[in-house]
Amino acid sequence: MDLGRAGPAVTGEVTTLTRGLFDDAAVFPPGLAPLPEAVAAHDRHLASWYAEMVGPLVISATALGDLAGVLAGRETPLPIVVTLPAGPAGIPAVLAAAAELPVTVAALEVAVPPEVGVPELRSVVDSCPVPVAVEIPRDDRRVPLLQALSGTTHRAKFRTGGTSPESYPDEPELAAAIRAAAEAGVAFKATAGLHHPVRNTDPETGFEQHGFLNLLLATEAVARTAGEEEVLALLAERDASTVATRVRELAADRLALARSRFTSFGTCSITDPLIDLTDLGLIGAPA
C-alpha cells in the first residue's frame, strides 16, 4: 500500500476508530528517529490522505532547544506534545521555551515523581493553560491520582510497554488501570509497546505485547460494566480475525464511547498501524 498517494477520506465508523488515534512518537524508542527527520516525516503525514488519523509530534522537554534550529524559518506552526519525565515542576519553563518557537502545544505529558503529592500535582496542572496528560505510576498511587483528575479536562497516560519485559503490564494490571480510569471518569492515552493492533509475542525480543485494538475492545467492555473474565479475555485475544470482527461489529455509539475514553496511543511508526489496519479490512486503502 502506497501511503503517500492521495485517496478518499475514511468515513463513518472507521473515522471514529482512527481519528487522532496515532500520536507521532517517532523520536522515542524503538524508532529513535533524528529530530529533523521526524519533523519532515510528520509534515508528510499531515499532507497525506490519512492526516486526520495522526496526532501531534511527541517530543521530550529536553529536545525543545534542538527544535529551535530544526524549525528555523518555519511559517506553519508544528503541532507538538511535550513530555516532562522529571515532573510538573518543569511546566513553566517548557511553556516559555515553546512560546519562542513556531509550534502549537497541543498538550503536555507529565510524570509524577515520588516526592510530588496529589494536591501539588493538581494545583500545577490546573493552572496549566494547555491540556495535561498525567502519567499514572504503576503502584498504589494509581487510584488516588486518577481520583484527583476526576471532574477535570486532564487525561491519564498509561505505560503499556517499553524496552524490558517488566515494562509491560500483564492483562490483570492493565484491566485494573482501565477500570480505575472509568470509575474516575478520566480518559486516557497509552504509550510504548503497542506496536500492532492485536496481542502478540515480539519475534525479536520475546516480549508479550498488547494490541491497541485489544485495548480498545477492553475499554468498551469496561464501559458497559462487563465482567473481569471478559475484559481479560479481550486483552489476551491473539486471533486477528476475531479481534477485527469484534471491532467491526461495535455499534457506532459504543465505538465512539470507547474512543472518547481511549483517546490515542504513541507509536514510533505511523505507517505500520495504518498498514496493519488496512490488512485487517478496518480502513480503506487509497484509490
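Q: What does the side chain of aspartate 24 reach at 3.3 Å?

A: In this predicted model, the side chain of aspartate 24 reaches the backbone nitrogen of alanine 26 at 3.3 Å. A polar contact requires a pair of N or O atoms within 3.5 Å, and the distance of 3.3 Å meets that cut-off.

Q: What makes the pairing of the side chains of aspartate 24 and histidine 42 a polar contact?

A: The side chains of aspartate 24 and histidine 42 are 2.8 Å apart. The cut-off is 3.5 Å, so this pair qualifies as a polar contact. Histidine 42 is also among the residues that aspartate 24 touches, as are His45, Thr267 and Ile270.

Q: Why is aspartate 24 said to have no salt bridge?

A: A salt bridge needs a side-chain nitrogen of Lys or Arg within 4 Å of a carboxyl oxygen. For aspartate 24, which is buried, the nearest side chain of opposite charge is that of arginine 44, 9.1 Å away.

Q: Why is tyrosine 168 called buried?

A: Its relative accessible area is 9%, and buried means under 20%; tyrosine 168 is therefore buried. Tyrosine 168 is found in the loop between strand E6 and helix H7, and the residues it touches include Arg138, Phe207 and Glu208.

Q: How do you know that the side chain of tyrosine 168 reaches the backbone oxygen of glycine 162?

A: The distance is 3.3 Å, which lies within the 3.5 Å cut-off for a polar contact.

Note on methods: Residues numbered from 1 in each chain as written. Predicted model: local features only at pLDDT ≥ 70, side-chain atom pairs only at ≥ 80, totals over all residues. Heavy atoms only, no water. Buried < 20%, exposed > 50% of the residue type's maximum accessible area, 1.4 Å probe, protein only. Lys, Arg positive; Asp, Glu negative; His and termini not counted. Polar contact = N/O pair within 3.5 Å; in protein donor to acceptor, adjacent residues only side chain to side chain. Contact = heavy atoms within 4.5 Å. Helix = DSSP H or I, 4+ residues; strand = E, 2+ residues; numbered from the N terminus. Lists of a residue's contacts leave out its neighbours within four places in sequence.
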